[in-house]
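I opened the two files side by side and kept these notes as I went.

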Amino acid sequence: METKQFVIIGVVIALVIAVAAPFLASGDPDGLESAFFSIYEAKPFMGSELDEDAAGTAEEQAIATTGNDFSYEAFMPDYSIPGMDKLGEVFAVVIGTLLMLILVFAVAKVSARPDN
Amino acid sequence: MHIPDAFIPMGQALVYWVIALVFIVLALRWARHSMGEEKIPLVAVLAAGIFAIQALNIPIPWGTSGHMVGAALAAIVLGSPFAGVFVLTLVLLVQGIIFGDGGITVMGANIINMGVIGGFVGYYGYTGIKGVIGNAYAAAFIAGWASLFVSAILCAVELAIAGTFPLGLGLTFMGTYHAVIGLIEGGITAVALYLIASARPDILEHPQAVSA
């Protein structure tokens with residue numbers, strides 16, 4: 001397979017995943033969040049019921065423990081566009097995927113071994 | 001497994017940043033010496049695919065989900081643990097700054113856990129296991145699983161040092177969830193390696209290894 005063809009197929013696969021992800025992805029907490037909520041008793045270790053109030057308290061407890069209250073407003077928090085719902089999530093992941101493609105191409109171009 | 005800012009004190013977070021920067025410099029040196037210009041589009045596509053698949057959280061039991069990290073795959077395909085560091089650093093940078101996924105002050109810890117550990121365990125796990133059992137895809141599955149599991153264990157230790165998780169519970173909970181999430185990492189790593197090896201056996205750094 002030609003490099004051009006490989007790259008085009010690769011980009012298409014990445015974009016298909018990016019468009020599908022907001023519809024298919026599980027909204028459950030990930031492994032780290034789930035461990036965190038379980039340790040702070042907002043959720044049973046082997047259960048699935050999340051106590052939203054306890055989860056909020058847990059986050060405050062973590063900040064109190066570490067003293068790290070750094071906060072930062074991302075442009076597209078949690079892979080969404082504020083004010084848009086599912087379509088915003090699709091745009092967010094697609095924009096992120098294309099941004100990765102351009103950014104990594106540029107950084108790799110600058111840092112790669114010159115051929116001559 | 002993206003640690004948010006609140007989970008690690010600022011001072012410790014800075015230490016992780018310094019360690020991460022050492023590996024980032026080593027990854028840039030790897031690129032300068034070993035990443036030929038012909039690899040540039042392939043690295044970019046791999047990174048875009050890893051970013052997209054990281055957005056796909058797959059449910060596991062216990063009201064929990066997990067997603068692929070991808071450092072093992074990048075390291076195996078490009079033939080160096082530093083390829084995992086190179087790709088994951090850029091993925092984590094975009095995730096943290098644009099999407100608020102993973103903290104800013106603690107990004108160094110996330111780069112160590114996912115990029116460095118993922119890349120090194122993934123790469124050396126793959127080459128070591130493949131040498132013993134001879135099958136590249138089984139080796140990629142096991143190495144992918146192990147890369148995620150070891151990342152989670154190190155994450156639990158960091159959070160114990162931070163005072164956020166008690167060590168025993170942290171290891172038990174993180175270990176249990178990520179032992180399952182590791183199956184996602186291993187499975188996608190093996191399938192993606194198969195697809196890449198089928199389409200372009202020449203771009204793999206060890207093409208003879210995959211013909212088995």
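I began with helix α2 of chain A (residues 31-39), where 9 of the 9 residues are buried, so this helix is largely enclosed by the rest of the structure. I took buried to mean 20 or more other C-beta atoms within 10 Å of the residue's own, exposed to mean 12 or fewer, and partly exposed to mean in between, with C-beta atoms placed from the backbone. Helices are DSSP runs of H or I of at least four residues, and strands are runs of E of at least two, numbered from the N terminus.

This is a predicted model, in which local features need pLDDT of at least 70 and side-chain atom pairs count only at pLDDT 80 or more, while totals for chains, interfaces and linings use all residues. Residues are numbered from 1 along each chain as its sequence is written, and chains are lettered from A and ligands numbered from 1 in the order in which they are written.

I then looked up what covers the buried residues of α2(A), and the cover includes α3 (52-66) of chain A as well as β2 (64-66), α6 and α7 (167-199) of chain B. Among the buried residues are Phe36(A) and Phe37(A), and α2(A) is followed by Glu41(A), which has a positive phi near 60 degrees.

Next I turned to Ile153(B), which sits in helix α6 (residues 136-162) of chain B. Ile153(B) counts as partly exposed because it has 17 C-beta neighbours inside 10 Å. The C-alpha atoms of Ile153(B) and Gly175(B) are 6.2 Å apart, although 22 residues separate them along the chain.

Key:
Contact = placed C-beta atoms within 7 Å.
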